[in-house]
Amino acid sequence: MERYRKRRLTAEEAGELLGLSGRHFRRLLVRYEEEGAEGLRDRRLGKVSPRRAPAAELTRMQILYQERYRDFTVKHFHEQLLKRHNYKLSYTVTRLALQGAGLVAPQQRRGGTHRKKRERRPLPGMLLFQDGSTHRWIGALDHDLDLVVTLDDATGAIYSAFLVEEEGTMSSFRGLAETIAADGLFRAFYTDRGSHYFHTPKAKGPVDKSRLTQVGRALSQLGINHIASYSPEARGRMERVFGTIQNRLPPELRLAEIATVEAANRYLKEHFVPDYNARFAVPAAEEGSAFIPYAGRPLEDILCIQQTRQVGRDNCVVWNGIALQIPPQRHRHHYVKASVRVHEYPDGQLAIFDGPSCLARFDPNGKPTNAFRAA
């Protein structure tokens with residue numbers, strides 16, 4: 001102050017030495033001359049900030065968390081507040097208020113080994129993941145279910161997600177059918193080495209690509225490259241996706257009072273997947289798409305179980321203990337001892353084919369439904 005008064009320093013230089021602006025230095029100088037040291041006290045001390053969150057709103061938020069959202073993560077809870085409860089406060093204010101009230105514990109900072117991030121494919125449709133996760137997805141049920149998810153590598157968007165009692169060949173077909181019907185054919189398919197995806201002669205060893213499973217055969221017919229995972233790290237993206245879904249889906253199903261697999265699958269399709277993609281999907285690195293429209297024989301006749309059977313003397317084919325009767329054909333007197341192909345579809349329906357020609361179709365119990373439907 002003395003150096004400023006003697007004009008050895010400008011107000012800006014004096015303020016810089018004190019970590020102040022020149023304007024604020026002059027303001028404090030006037031206060032000091034009028035009030036002494038008391039004039040230098042911060043006049044904000046003891047006053048409530050005009051930007052402080054309203055106590056009533058914080059109380060409402062905490063009550064909502066305790067009564068309805070106790071099993072939500074704080075981030076998910078905050079999204080629901082904005083979406084459903086006309087809430088205006090920020091995520092940070094909400095988190096700190098919940099932690100201050102002892103309703104949630106502060107999150108531990110992540111540590112551990114540094115990992116290099118794997119670059120995503122530049123275009124949607126270049127690489128898709130499919131995997132299943134066993135979890136108590138519907139709290140109202142007394143058992144776990146499998147959630148089967150088909151996901152794009154380039155964007156992280158979910159193309160198909162549904163619950164089944166147990167994942168397997170049919171659930172893989174269903175995920176593929178939903179994806180291809182909506183978006184078209186894609187280039188590569190990345191999965192674990194489960195027995196419905198690959199034959200693995202030796203446990204934890206390499207897969208045998210010369211012996212195709214039903215899923216492998218269907219992918220080969222569609223021209224899609226099937227890639228096997230050989231390490232947990234390689235499946236890291238899917239594991240993180242399932243971690244996020246496990247934090248979000250069960251509490252949402254509880255909040256919606258959903259207690260059946262059918263209702264949960266409708267909720268997944270109509271609400272959860274669109275919300276997830278809007279929240280977590282990212283733009284692809286490049287413009288365009290690697291998906292191409294599907295054109296060819298009915299997709300359902302590729303994404304199904306196919307096996308060759310020999311016709312008996314009664315013109316019947318036995319499938320899982322059910323006799324399937326081939327009806328009379330105009331172009332052939334009988335099929336006795338001929339080799340035909342049986343198709344079993346994900347919904348349990350059956351069909352008998354001779355090459356590309358469909359000879360008959362049956363319901364899951366073997367009752368004919370449309371004997372002369374063409375392929």
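Where is the place of N320? I located N320 in the loop between strand 7 and strand 8 (322-325). Helices (H or I, at least four residues) and strands (E, at least two) are taken as DSSP runs, numbered from the N terminus.

**Basis of the entries**

I worked from a predicted model, in which local features need pLDDT of at least 70 and side-chain atom pairs count only at pLDDT 80 or more, while totals for chains, interfaces and linings use all residues. Residues are numbered from 1 along each chain as its sequence is written, and side-chain values use heavy atoms, with hydrogens and water left out.

**Entry: positive phi outside glycine**

I looked up the backbone of N320 and found a positive phi near 50 degrees, in a residue other than glycine. N320 counts as exposed, because its relative accessibility is 63%. I apply the terms as follows: buried is under 20% relative accessible area, exposed over 50%, and partly exposed in between (1.4 Å probe, protein chains only). K337, also not a glycine, has a positive phi of about 65 degrees. I place K337 in the loop between strand 8 and strand 9. Its relative accessibility of 52% makes K337 exposed.

**Entry: helix 8**

I next asked how many of the 9 residues of helix 8 are buried. The count is 7, so helix 8 is largely enclosed by the rest of the structure. The buried residues are Q214, V215, G216, R217, A218, L219 and L222. Their cover includes helix 7, strand 4 (188-191), strand 5 (225-228) and strand 6 (305-310), where contact means heavy atoms within 4.5 Å. After helix 8 comes G223, with a positive phi near 80 degrees.

**Entry: nonpolar cores**

I define a nonpolar core as a set of buried Ala, Val, Leu, Ile, Met, Phe, Trp, Tyr and Cys residues joined through side-chain atoms within 4.5 Å. The largest one has 35 residues, of which F186, F189, L222, I224 and I352 touch the most other members. At least two residues of this core come from each of helix 7 (169-183), helix 8 (214-222), strand 7 (316-319), strand 9 (339-344), strand 10 (350-354) and strand 11 (357-362). Helix 8 gives the largest share, 4 residues. I then listed the contacts of I224, leaving aside neighbours within four places in sequence: I180, L185, F186, R187, A188, F189 and L219. A second, separate core holds 29 residues, including F129, L147, A188 and L253.

**Entry: aromatic rings**

I noted 11 aromatic pairs in the structure. Rings of Phe, Tyr and Trp (its six-membered ring) pair if their centres lie within 6.5 Å; planes under 30 degrees apart count as stacked, over 60 as edge-to-face and the rest as tilted. Y69 and F77 form a tilted pair, 5.4 Å centre to centre with 45 degrees between the planes. Both of these residues, Y69 and F77, are buried. The ring centres of F189 and Y197 are 6.5 Å apart and the planes stand at 70 degrees, so this pair is edge-to-face. F189 and Y197 are buried as well. I also traced a cluster in which ring pairs link Y159, F186, F189, Y197 and F291.

Which residue lies over the face of F280? I found R279 there, at 4.7 Å from the ring centre. The charged end of R332 sits over the ring of Y335, 4.3 Å from its centre. The rule requires NZ of Lys or CZ of Arg within 6 Å of the ring centre and within 35 degrees of the ring normal.

**Entry: R84**

I found R84 in helix 5. With a relative accessible area of 42%, R84 is partly exposed. Not counting residues up to four places away in sequence, R84 touches Y69, L255 and Y267.

**Entry: helix 6**

For helix 6 (residues 91-100), I recorded T94, A97 and L98 as the buried residues. They lie on the same side of helix 6, because they cover an arc of only 95 degrees around the axis; the arc is that of the directions from the helix axis to the C-beta atoms. Among the elements covering them are helix 4 (55-68) and helix 5 (74-84). G102 follows helix 6 and has a positive phi, near 75 degrees.

**Entry: cysteines**

I counted 0 disulfides, a disulfide being a pair of cysteine sulfur atoms within 2.5 Å. C304 is buried, at 0% relative accessibility. C358 is buried too, with a relative accessible area of 7%.
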